[in-house]
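Welcome, and thank you for taking a look. Below are some notes to read alongside the structure, written for someone meeting it for the first time.

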Amino acid sequence: MKKKQIAAAALSGLMLLTGCSNLTQKKDTEPPAQEEVQLGTPVEIQGITRTTLSNESMVSGQVVADAGVSIVPTISGTILQVPVKVGDTVKKGQLLFRIDTSQITSSYGALKQSYDATQRMTNEAIQNAQAALPLAQSALTTAQGNYDNSLALYNVGAASQVEVDQARMQLDQARNQLKQAQSAVTQARATQQAQLAQIEASLSQMHAQVAAATVTAPCDGLIVGVNVTAGGIASPSGPAIVLAEGGRTRVSVQVSEQLLSQIKVGDMADITVSAVSDVPFKAMIASIAPAASAQTALYDVRMYMPLGVEYPIGAFAEVKFFTNQRKDAITVPSDAIVTDGAQSYVFTVTNDIARKIAVETGVVGDGVTEILSGLSGSEMLVVKGQSYLTDGEEVRVVADRTVPQVEAENQPESTPAPASAPASAPAPTPAPTPEAKPEEKPAAAPTEQPKGDPELEGTPAAQPEGANT
């Protein structure tokens with residue numbers, strides 16, 4: 001009997017535990033109360049900004065020496081020394097390269113001997129010619145005296161006309177002999193001068209060639225090209241060294257006539273020389289060619305590189321020109337503009353109501369578009385969700401991109417409800433995708449079920465209090 005009582009008690013306890021388990025399972029699976037549905041199409045808004053806007057035109061250019069100086073050898077020969085390389089900064093007079101002059105100077109001794117021999121021979125000829133001058137002068141003096149005496153005797157009747165004529169003939173001969181002697185001296189001197197001058201010219205040419213073998217920098221600058229090497233052959237056919245005077249470089253870019261009309265001297269451009277850095281730098285347009293190139297029909301535009309940075313000559317450069325600049329322009333994100341045929345629209349939000357506004361667009365920049373008319377600049381613009389709006393439709397702002405990022409990070413994770421919603425309303429859900437657009441129906445308030453409701457029979461709510469104890 002005692003064993004039957006124990007078994008009955010155990011069975012009763014097992015049934016009680018099973019009932020509690022069922023009650024707990026049904027309580028966990030009880031459907032939640034229906035949440036309140038938010039009204040209005042969810043959108044994101046942003047304040048309109050004013051900024052400087054411009055079009056961008058990208059053109060390829062090249063780094064060149066601002067004032068390139070090409071050093072061309074004037075003589076040919078073997079290069080003995082090249083103490084400079086590309087990228088070196090040199091001073092005026094600094095050695096660039098030296099050419100072997102052994103072949104040039106090999107004939108110097110022979111020329112010098114020829115000069116000395118010619119000088120000795122011509123000096124002897126001059127001396128011989130000068131020696132005849134006193135004799136000719138003495139003969140002229142004698143002839144002149146004889147003529148004077150004969151003429152005096154003839155005047156007193158002591159000499160005949162024949163004697164006077166003979167004395168005059170001898171005087172003329174003496175004069176001619178003196179002139180010939182004087183001419184011989186002049187000729188000897190001229191011959192010496194001509195023969196020595198020819199040899200001196202050869203010697204001077206040799207000295208010039210020897211001097212030209214040592215080539216120095218004509219000015220301060222930057223070595224941007226070296227076309228010779230030690231042991232190679234120098235030739236006047238091309239530049240051996242290219243020097244950028246003052247070390248300054250610039251970018252040369254060719255632009256079309258269409259772009260030329262949109263830029264001017266003093267405008268700023270962005271230049272990127274990828275051989276040095278992918279980060280662009282600002283440069284001002286220094287000059288624009290007044291005429292187009294006959295070969296390319298393009299205009300050369302010059303912009304100087306910043307000092308202190310070595311840009312390799314010949315490197316390619318990407319030049320970005322900014323044209324059609326608009327200062328203090330009303331700009332909106334290009335994605336915020338909705339087009340309907342040829343007309344463009346934007347949506348603004350006023351008191352949670354969307355307003356469709358026709359706008360006229362202008363310059364298009366990097367992700368933004370200029371608005372020429374339709375907006376004053378003080379509106380709140382719909383930047384997300386505008387494709388699903390109609391004019392006058394009620395909206396629900398889920399994000400305001402105008403709020404600085406720092407402030408947004410300091411806000412709680414859940415976005416606060418709009419100011420028009422009750423303080424106790426639940427936080428709005430994120431904006432759904434177009435396929436999940438919520439239905440615009442009034443929210444149904446949850447109802448409280450009384451305990452013991454027949455419709456909830458078998459649920460925890462239908463059990464009397466204390467049933468689980």
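This is a predicted model: local features need pLDDT of at least 70, side-chain atom pairs count only at pLDDT 80 or more; totals for chains, interfaces and linings use all residues.

**Notes for a first look**

1. Lys 112 has a relative accessibility of 34% and so counts as partly exposed. Asp 116 is partly exposed as well, with a relative accessible area of 27%.

2. The side chains of Arg 168 and Asp 165 meet in a salt bridge, at 3.2 Å from N to O. These two residues of α4 are three residues apart, again about one turn of the helix. Arg 168 has a relative accessible area of 33%, which makes it partly exposed, and Asp 165 is partly exposed at 34%.

3. A further salt bridge to find is the one between the side chains of Lys 85 and Asp 88, with an N to O distance of 3.2 Å. Is Lys 85 buried or exposed? Its relative accessible area is 53%, and the cut-off for exposed is over 50%, so Lys 85 is exposed. In total, the structure holds nine salt bridges, and the pairs described here are among them.

4. Now for the two helices themselves. Two packed helices are described by the angle between their axes and by the distance between those axes. Helix α3 covers residues 108–156 and helix α4 covers residues 161–212; they pack at an angle of about 165°, with their axes 7 Å apart. Angles over 145 degrees count as roughly antiparallel, and α3 and α4 are therefore roughly antiparallel to each other. The crossing of α3 past α4 is left-handed. What kinds of residues make up the contact of α3 with α4? They divide into 28 nonpolar, 19 polar and six charged.

5. Strand β4 (residues 77–81) pairs with strand β9 (residues 233–234) in the antiparallel sense, over two bridges. Here Thr 78 stands opposite Ile 233 in β9. Strand β4 is also joined by two bridges to strand β6 (residues 95–99), and this pair runs antiparallel too. On that side, Ile 79 stands opposite Ile 99 in β6. As background, side chains in a regular strand alternate between the two faces of the sheet.

6. With strand β15 (residues 316–333) it pairs in the antiparallel sense over three bridges. Which residue of β19 is the bridge partner of Pro 333? The partner is Val 368. Strand β18 (residues 353–364) pairs with β19 in the antiparallel sense, over three bridges. In this pairing, Ser 373 in β19 is the bridge partner of Glu 360.

7. Finally, please look at the turn between β18 and β19. These two strands form a hairpin with three residues between them. In that turn, Gly 367 has a positive phi of about 80°.

Terms used: Residues are numbered from 1 along each chain as its sequence is written. Side-chain values use heavy atoms; hydrogens and water are left out. Axes are lines fitted to C-alpha atoms, for helices over the stretch in contact, and angles run from 0 to 180 degrees between N-to-C directions. Helices (H or I, at least four residues) and strands (E, at least two) are DSSP runs, numbered from the N terminus. Angles under 35 degrees count as roughly parallel, over 145 as roughly antiparallel, 65 to 115 as roughly perpendicular and the rest as oblique. A crossing is left-handed if the near helix is turned anticlockwise from the far one by less than a right angle, and right-handed if clockwise. Ala, Val, Leu, Ile, Met, Phe, Trp, Tyr, Cys and Pro count as nonpolar, Asp, Glu, Lys and Arg as charged, and the others, Gly among them, as polar. A salt bridge is a side-chain nitrogen of Lys or Arg within 4 Å of a carboxyl oxygen of Asp or Glu. Buried means under 20% relative accessible area, exposed over 50%, partly exposed in between (1.4 Å probe, protein chains only). Two strands pair if DSSP finds at least two bridges between them.
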